[in-house]
Amino acid sequence: MIFFDIETGPLTAAEMEPRMPEFTARGNLKDEAKIKADIEEKRNKFFDNAALDPYTGRVCAIGMLHHEGEKPELIHYKGNPEYERNIILKFWNTYINSDESFCGFNIHNFDLPFLVKRSFALGITYPPRVFDKGNVRRWNSRFIDLMDYWRLGVYTDRISLKNFAIHCGLQPKESKGHFFHKLIEGTEEEVKEAEEYLLYDCQLCVDLYNKIGI
């Protein structure tokens, strides 16, 4: 079993420029200052959410915990966006060269679609065995999504990894995922903090996996 987690960040300013929508203020606003503030608020929200969409975001790190007790593999290049291709290729190569299952949280709806769509953007050929018999609506059964064990067939029933862990009696740390791309581009201490956060998310998946008795 390989437990994994990806961390994402926004694209570079040059890449973001052609992807930005035209921001307009609400029609009922007449005051110039309020119009300007409303447009700025929408612009800031767009950038805040950019890392969560493969159209405006990129993969800046992947953590893989191959076996419990072993040293984790943390794939990143201190936030250098030019190395995103290497990060994704290394993950796909690990998948191709292994027969093990890959487990994470909400990977069917976030991690895997993000990796495949970024592969499109970077000209990377994703492994054909990623999907179940070529059906793009079904992921290969080697991918185990812990979110499915909360939903139990009810697709609209969702929960965060942190809350699922709390529900099962675990004590998760405060999430720093929103700031990960800044930490990984920072000082040596900040890079170390980002690595520890990524490792912790992988380990939390291990703990949750064991706790719910899969």
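Which backbone oxygen lies 3.0 Å from a polar atom of the side chain of Arg129? It is the one of Ile96, a polar contact (a pair of N or O atoms within 3.5 Å; within protein, one must be able to donate a hydrogen and the other to accept it, and residues adjacent in sequence count only if both atoms are side-chain atoms). The model here is predicted, so local features need pLDDT of at least 70 and side-chain atom pairs pLDDT 80 or more, while totals for chains, interfaces and linings use all residues. Numbering runs from 1 along each chain as its sequence is written, and side-chain values use heavy atoms, with hydrogens and water left out.

Arg129 sits in the loop between α4 (107-122) and β5 (131-132); helices (H or I, at least four residues) and strands (E, at least two) are DSSP runs, numbered from the N terminus. With 38% relative accessibility, Arg129 is partly exposed; buried means under 20% relative accessible area, exposed over 50%, and partly exposed in between (1.4 Å probe, protein chains only). Leaving aside residues up to four places away in sequence, Arg129 touches Tyr95, Ile96, Asn140 and Arg142, where a contact means heavy atoms within 4.5 Å. Tyr95 is 34 residues away from Arg129 in sequence, with 9.1 Å from C-alpha to C-alpha.

Ring pairs gather Tyr95 into a cluster with Phe4, Phe91, Trp92, Phe102 and Phe143. Rings of Phe, Tyr and Trp (its six-membered ring) pair if their centres lie within 6.5 Å, with planes under 30 degrees apart counted as stacked, over 60 as edge-to-face and the rest as tilted. The count comes to 18 aromatic pairs. One of them is the tilted pair of Phe4 and Phe91, 5.0 Å centre to centre with 45 degrees between the planes. Since Phe4 lies in strand β1 (residues 2-10) and Phe91 in helix α3 (residues 84-96), this pair ties together parts 87 residues apart in sequence.

Glu73 pairs with Lys90, the closest N and O atoms being 3.4 Å apart. That bridge links distant parts of the chain, strand β3 (residues 73-75) and helix α3, its partners being 17 residues apart.

Terms used
A salt bridge is a side-chain nitrogen of Lys or Arg within 4 Å of a carboxyl oxygen of Asp or Glu.
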